[in-house]
Amino acid sequence: MQESEVKALIEGSLPGAEAFVTDKRGTGEHFEAMVVAPAFEGQSLLEQQRLVYQACGKFLTNEIHA
């Protein structure tokens, strides 16, 4: 996957989100994402992480390693 694809998955699943995605190894499978989203308000860090993981859906542990 490309950084832009991961960004699109996150921003498409979390309304109003802005995602900054970096391919940590340049391999297209290990990414770091910083996400700012209204949906995070009042959520714990764990709940925020779960929302991002849900956005990546079926790609996690297949194409993407978080």
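**A look inside the core**

Reply: Happy to! Of the 66 residues in the protein, 29% are buried (under 20% relative accessible area, with exposed meaning over 50% and partly exposed in between; 1.4 Å probe, protein chains only). Please keep in mind that this is a predicted model, where local features need pLDDT of at least 70 and side-chain atom pairs count only at pLDDT 80 or more, while totals for chains, interfaces and linings use all residues. Residues are numbered from 1 along each chain as its sequence is written, and side-chain values use heavy atoms, leaving out hydrogens and water.

Two helices and two strands make up the secondary structure, in the order α-β-β-α along the sequence. These are DSSP runs numbered from the N terminus: helices are H or I with at least four residues, strands are E with at least two.

Now for the core itself. The largest nonpolar core has 14 residues; such a core is a set of buried Ala, Val, Leu, Ile, Met, Phe, Trp, Tyr and Cys residues joined through side-chain atoms within 4.5 Å. Ile10, Leu14, Val21, Val35, Phe40 and Val52 have the most contacts inside this core. At least two core residues come from each of α1 (3–13), β1 (18–23), β2 (31–36) and α2 (45–56), and α2 gives the largest share, three residues.

Beyond its neighbours within four places in sequence, Ile10 is in contact (heavy atoms within 4.5 Å) with Ala19, Val21, Ala33, Val35, Val52, Ala55 and Cys56. Over the protein, 36% of the contacts between residues at least 6 apart in sequence join residues at least 24 apart.

For contrast, take Leu45, which lies in helix α2. Leu45 counts as exposed because its relative accessibility is 69%. Its C-alpha atom is 15 Å from that of Leu14, a residue 31 places away along the chain.

One more detail involves a ring: the charged end of Lys7 sits over the ring of Phe20, 5.9 Å from its centre. The test asks for NZ of Lys or CZ of Arg within 6 Å of the ring centre and within 35 degrees of the ring normal.

Finally, the overall dimensions. The radius of gyration is 11 Å, which agrees with the value near 11 Å for a compact globule of 66 residues; it is taken over C-alpha atoms, and the globule rule is 2.2 Å times the number of residues to the power 0.38. Along the principal axes, the C-alpha atoms fill a box of roughly 35 × 20 × 20 Å.
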